Amino acid sequence: MFMDSCSGIGRKVRLGRLLKGGKGVIFAFDHGFEHGPSDFTQERSNPRKVVELAVESGMDALMLTRGVAQATSDLWAGRAPLIIKLTGKTSLRPPDMQMQQYRIGTVEDAVAMGADGVAATVYWGAPEEDAMAEEFAAIVSESERFGIPVMILAYPRGPSIIDRHDEYIVKYASRASVEVGADIIKTHYTGSTESFRRVVESVPVPVLMSGGAKTGDPKEFLRIVKSVIDAGGAGVIVGRNVFQSQDFVGTAKAILEVVHRGADPERI
Ligand code: FBP
């Protein structure tokens with residue numbers, strides 16, 4: 001028997017904190033950077049209010065940018081594991097530059113802050129795919145030194161991507177994500193339990209669904225979450241469907257029930 005490397009052990013320990021029992025509901029909250037004020041009501045415009053609600057509702061982990069993590073550390077430290085999003089882009093950029101994410105943080109700073117994971121987006125299919133995949137591979141290499149898992153936001157997007165939710169496209173993006181070293185995949189729902197199961201089964205790492213824009217009917221979102229779990233998915237990484245809900249804590253707790261206890265959305 002060979003002993004595992006220190007960083008291999010660190011990666012397993014941290015992964016276990018993010019996905020308890022292999023499942024998780026991770027609160028995505030990088031929208032202040034990615035989308036800007038249009039995503040928030042005035043009442044929820046201050047990130048401290050939102051982070052406090054996310055922690056209070058028992059989210060398994062928070063995905064934040066470095067600056068928001070620093071400004072809210074008194075709220076999450078010791079209460080919820082942290083993932084630092086290391087890439088981003090604002091919606092203020094010109095339309096022809098919307099398909100490129102760039103670096104906004106380092107693995108070293110994330111580790112210094114006590115993070116259990118780092119994350120970065122790759123728009124598979126974008127003209128700038130090469131730069132993002134190269135950046136992602138560099139993050140994976142940096143993470144090796146620190147034993148911290150790397151999550152990919154695997155988003156098919158580009159002139160040849162007609163349907164971002166198409167099974168073949170999501171499967172390809174997921175496989176490409178494994179090829180560049182992702183430990184956890186966050187990607188789009190493919191529309192049915194059967195098709196999402198085929199995506200999950202095609203890769204050797206946990207796959208979580210990306211939340212997406214808020215659904216009109218909150219029950220509908222819970223049904224999709226249930227479908228992801230039934231498909232063998234490891235959970236969801238959700239932002240707007242929770243922080244744009246009037247009942248933030250109730251919505252978050254309902255999602256947690258479905259993911260961790262397999263609750264029936266019709267009975268919640
Ligand atoms: P949502 O659940 O709100 O979709 O959050 C997930 C997320 O990936 C965020 O991390 C990110 O800011 C946003 O979606 C990006 O969405 P889009 O690429 O559609 O603008």
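## The ligand and its shell

In this predicted model, 17 residues surround the ligand, and D30, H35, Y155, K186 and R240 are the closest of them; a residue is counted here if one of its heavy atoms lies within 4 Å of the molecule. The shell around the ligand divides into 6 nonpolar, 6 polar and 5 charged residues, where Ala, Val, Leu, Ile, Met, Phe, Trp, Tyr, Cys and Pro count as nonpolar, Asp, Glu, Lys and Arg as charged, and the others, Gly among them, as polar.

At least two residues of this shell come from each of α2 (31-34), β7 (150-156) and β10 (235-238), with helices (H or I, at least four residues) and strands (E, at least two) taken as DSSP runs numbered from the N terminus.

## Polar contacts

Polar contacts are pairs of N or O atoms within 3.5 Å. An N or O atom in the side chain of Y155 is 2.3 Å from an oxygen atom of the ligand, and for the side chain of H35 the corresponding distance is 2.4 Å. The protein covers 90% of the 470 Å² of accessible area that the ligand has on its own, an area found by the Shrake-Rupley method with a 1.4 Å probe.

## Basis of the values

Residues are numbered from 1 along each chain as its sequence is written, and side-chain values use heavy atoms, with hydrogens and water left out. Local features need pLDDT of at least 70 and side-chain atom pairs count only at pLDDT 80 or more, whereas totals for chains, interfaces and linings use all residues.

Key
Polar contact = N/O pair within 3.5 Å; in protein donor to acceptor, adjacent residues only side chain to side chain.
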